[in-house]
Amino acid sequence: MTAFDDLMAFQRETEALSAIAGRLGWDQETMMPRGAAEQRGEEMAAIEGVLHARRTDPRLADWLGAVDEAALPPEGQAAVGLIRRDHARNTRVPARLAAELARVTSVSQGIWAEARRADSFDDFAPTLDRVLALKREEAAAIADGGDAYDALLQDYEPGATGAGLDAMFGALRPRLVALRERIMGAERKPRALSGTFAEDAQLALSREMAEAFGYDFSRGRIDKAVHPFSSGSGADVRITTRTAPHDPFNCIYSTIHEVGHAAYEQGIDAAHALTPLGRGVSMGVHESQSRIYENQLGRSRAFTGYLFGRMTALFGDLGVADAEAFFGTVNRVAPGYIRTEADEVHYNLHILMRFDLERRLVAGTLAVADLPDAWNARFAADFGVAVDRPSHGVLQDVHWSVGLFGYFPTYTLGNVYAGCLHQALRRDIPDLDEKLVQGDTSPATVWLRERLQRFGGLRAPRDTIAHACGFEPSEAPLLDYLDAKFGDLYGV
Ligand code: ZN
């Protein structure tokens with residue numbers, strides 16, 4: 001056995017244990033009896049302890065020191081590179097700090113949820129202060145003299161920098177604000193869907209949509225959960241969905257979104273399973289898959305034409321005149337406080353403000369006590385509406401409560417990457433709409449699998465997108481897509 005073989009065998013077992021931990025998490029959100037919560041906490045802590053020990057195992061340093069990387073094929077080099085990166089990160093964080101972070105974030109989410117229910121930022125502020133202080137300490141340890149926010153970003157989007165994202169987002173913001181204002185002033189007002197939609201029919205349709213977008217049910221399943229998510233990789237990738245009686249789009253588009261995430265994991269070459277290459281390469285690239293499935297494909301005029309027929313067949317008269325009116329209904333732009341309910345035009349504005357605020361929090365130029373005022377001022381500037389209460393503003397998202405600083409920008413990066421991929425996809429498959437209008441997404445999903453999904457973690461995130469598109473990614477294709485689609489829809 002060479003050092004490389006030893007390293008990969010050890011890593012394979014770590015990946016398998018990590019998959020088990022992930023499946024426990026899936027179970028907790030879908031199947032677990034309520035009375036099992038306390039015991040499950042102990043079970044999860046036990047397996048996390050095993051994983052932490054393996055990730056900081058001293059033998060890793062020995063193997064990494066002995067491995068002859070130049071003699072390896074590109075896949076082997078990439079795998080060793082990813083193990084080396086994670087090892088450096090994990091060993092820089094002192095065990096005391098890692099344990100304290102785990103302890104604090106295991107209770108902080110509950111405190112945030114309670115504060116949100118009570119609509120009181122003061123109930124949450126001391127906890128957020130503590131979480132932020134620990135994350136800043138962790139960032140300083142990982143950064144090793146570099147930028148703290150950049151260090152945190154690496155956990156979600158390796159290679160990204162705060163300055164790079166700031167330049168990209170700075171170019172997005174004025175054009176998004178201008179588009180939003182044109183739409184708000186438009187005379188055309190697509191109508192919202194009204195009525196009640198039976199749950200079993202919604203779930204049947206969501207399964208049909210999952211199949212239409214290439215989800216492989218022989219290696220996955222769909223269950224109900226409070227929040228939709230995708231979990232697992234390789235041969236076991238599960239998704240969840242939810243239903244709302246008056247809003248079938250929630251179920252349909254949550255499902256298509258999660259199918260995008262799942263298709264990425266299912267599409268990775270089987271040879272990479274249980275290796276560092278066997279997972280989506282970053283949160284941003286992952287989100288590019290879910291967004292292009294959901295928005296550029298699922299909310300296209302062609303595909304909504306197909307969906308209109310299916311929904312009319314299932315639910316009867318929708319109160320919408322025809323497929324063209326339905327396209328407007330699906331893509332209706334409406335201002336709102338809540339990020340997760342935002343349309344394609346508003347969504348990135350939500351993210352841009354969170355990115356700016358969390359960068360200042362991590363840099364220490366914005367205090368937690370001043371966060372609500374900063375939030376509300378920015379929201380009024382970009383959305384033209386005053387936030388009426390904390391649960392509609394600064395308390396709406398779970399992320400910061402559990403220490404996810406540096407995560408938010410990956411949502412907009414995903415949209416930017418989806419814009420790039422969509423431009424390249426339309427270039428390569430000019431007659432795509434002829435298939436989409438029949439509910440056949442396969443030319444697009446096969447293109448994405450062949451150009452991007454199958455490689456897993458082989459290339460760095462940005463290189464993964466550049467390789468798939470044949471050009472360097474930028475925000476321009478997303479902005480052009482949004483201007484064209486919504487300009488046309490609203491006549492602005
Ligand atoms: Zn997503």
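A pocket, as used on this tour, is an open set of points on a 1 Å grid over the protein atoms alone, with protein on both sides within 12 Å along at least five of seven lines, and its lining residues have an atom within 4 Å of a point. A volume is the space filled by probe spheres set on the points, which are joined across faces, edges and corners. The model is predicted, so local features need pLDDT of at least 70 and side-chain atom pairs count only at pLDDT 80 or more, while totals for chains, interfaces and linings use all residues. Residues are numbered from 1 along each chain as its sequence is written, and side-chain values use heavy atoms, with hydrogens and water left out.

Select the zinc ion, which His257 (NE2), His261 (NE2) and Glu287 (OE) coordinate at 2.1 to 2.4 Å; donors are N, O and S atoms within 2.8 Å of the metal (3.2 Å for Na, K and Ca), and because water is not among the atoms, the site may look incomplete.

Next select helices H10 (residues 248–267) and H11 (residues 283–297): histidine 261 lies in H10 and glutamate 287 in H11, so the pair ties together parts that are 26 residues apart in sequence. Helices are DSSP runs (H or I, at least four residues), numbered from the N terminus.

Then move to the second largest pocket, which holds about 290 Å³ of space. Of its 17 lining residues, His422, Arg426, Tyr481, Ala484 and Lys485 lie nearest its centre. Helix H20 (476–490) is among the helices that each supply at least two lining residues, and H20 gives the most, with 6 residues.

Methods: 1 Å grid on protein atoms, 1.4 Å probe; cavity = no way out; pocket = protein on both sides within 12 Å on 5 of 7 lines; lining within 4 Å.
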